[in-house]
Amino acid sequence: MARVPRLSEIAQLFRDAPKPRVRSFDGATGGRRGWGVGTAGPINPEVGAAGERLRARARYLAQNNPWIANAVANWTASLAGAGIMANSAHPDAATRARLDSEFTLWSDDADADGRTDWYGLQAAICRALIVDGESFVQKIQTRDGVQLRLIPAEQCDWSLTREGLASGGYIVNGVEFNADGRRVAYHIHPARPTALYPTYEPAVRIDAVDICHVFKPLAPGQVRGVSWLAPVILQAGEFDQLCDALLVGAKVAAMHAGFITDQNATGAVSLDGTPGDLSEASLEPGVIRLLPAGTDIKFSTPAQTNEVSAFLRLNLQSLAAGLGLPEHMLSGDLSNANYSSLRAGLLPFRARVEQIQYGILVPQLLRPVWRRVIGMGVLSGTLEASDFESAQRDYLAVEWIMPRPMQVDPAKDVQATRDMLDAGLMSRRQAVAEQGWNVETLDAEIAADKAREAELGLTFGKPKESPNGN
């Protein structure tokens, strides 16, 4: 008869058995703890499945939600401001002046629809970039030269995805690639401004060199853009509903000053005109009311409106974080702000703004537009450049002067700039560019002002000290 192992021997076997391997990353755990955590697959299938609905919901929030509308307006103003100005980087000063003048003249008539200028188009492009996640700008040649036309994102045929083109390329959500994976064309649906109802017309193939597709990629190889509001769409919608419910609740509570109760259930309260009738009971200044025996009054004192302020602010902070904004740029609340807190909040935000300006707007929009305008100016003869072919790189070189950010305390910022200039840590050109100006234009204006003052015998600013110190 086989010996029955002892409990101590069985326990020793379990102790000696190899332990199961456990994942090192808790974020990949399964079971009940990891059940509610979502996952994301390759970027293009995810965008292709959700992009259109995200855009539609983002547009609704940007048009109807006051917090989101404020956030979009502040993002747009921070990116485009009054306009991003071009500053030619040609080594010759006279040529730089000619190129800047040519581009400035073009800026006035840049809009093919004739509603704004180059700087107004920048603001519209940035707004579409934020709300829709992408903006399409078509460069067209007209009798007036190069002009730009903004194309709504939905006109680029989202449903058109095709493999195995005759050229060896493929199409993803309306964007055509060649066999090497480079963008070669966009398939755009024609649209008429007078169309009141959606209609279908076959997409027209437009060469990629004539389209500026501006969007912020979230992953390598991304084809179409995603609304910047995507992280907060659900929360913003529910927060909007909460605010509406609280507002309606407050209105209902304000309509009821109090409630009269029949404590003894004696029927002392009536509404039929008898001595206990309270149908006309109301609160009026200086009035004294005699309640029937057995009745009491309880005043309406809803406490929910007093308890949700901290919760509402927490939600606003969450929305601001999802949008990458300082809280006051979403809510407009500066009650708890001071110079230090505003400065600390604006510094990382301005870093994000510069990242978008120089990493997205410059290569995807500003630089291609400059090259097209200057190149067509040379070809049409409006811009004299006999050495363009040999010095093309110099003619197309350009620096972009971003809008000057508003300062929390201008005096402190000016002093900091002066100290850096004195210490040789920055050039005067850099300092002037940070103010949103071209240093050569500024110097010319200062020289002209001084010449005019001398001619008219005017003096401004601090009086100069005489050699003897008086």
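Two residues are in contact when they have heavy atoms within 4.5 Å of each other.

**View 1. The whole chain, as a predicted model.** Here's the protein chain from end to end, with 15 helices and eleven strands. Of its 470 residues, 33% are buried. Take the contacts between residues at least 6 apart in sequence: 64% of them join residues at least 24 apart.

**View 2. A look inside the largest cavity.** Searching the whole structure for cavities of 30 Å³ or more turns up one. The largest cavity holds about 30 Å³ of space. Its lining is made by Ile-84, Gln-122, Cys-126, Leu-361, Leu-365 and Leu-366. Two elements, helix H6 (118–131) and helix H11 (339–380), each give two or more residues to that lining. H11 provides the largest share, with three residues. Sorted by class, the lining has five nonpolar residues, one polar residue and no charged ones.

View 3. Cys-126 is one of the residues that line the largest cavity. As for disulfides, a pair of cysteine sulfur atoms has to lie within 2.5 Å to count as one, and by that rule the count is zero.

Methods:
Residues numbered from 1 in each chain as written. Predicted model: local features only at pLDDT ≥ 70, side-chain atom pairs only at ≥ 80, totals over all residues. Heavy atoms only, no water. 1 Å grid on protein atoms, 1.4 Å probe; cavity = no way out; pocket = protein on both sides within 12 Å on 5 of 7 lines; lining within 4 Å. Points joined across faces, edges and corners; volume = space filled by probe spheres on them. Helix = DSSP H or I, 4+ residues; strand = E, 2+ residues; numbered from the N terminus. Nonpolar A, V, L, I, M, F, W, Y, C, P; charged D, E, K, R; others polar. Buried < 20%, exposed > 50% of the residue type's maximum accessible area, 1.4 Å probe, protein only.
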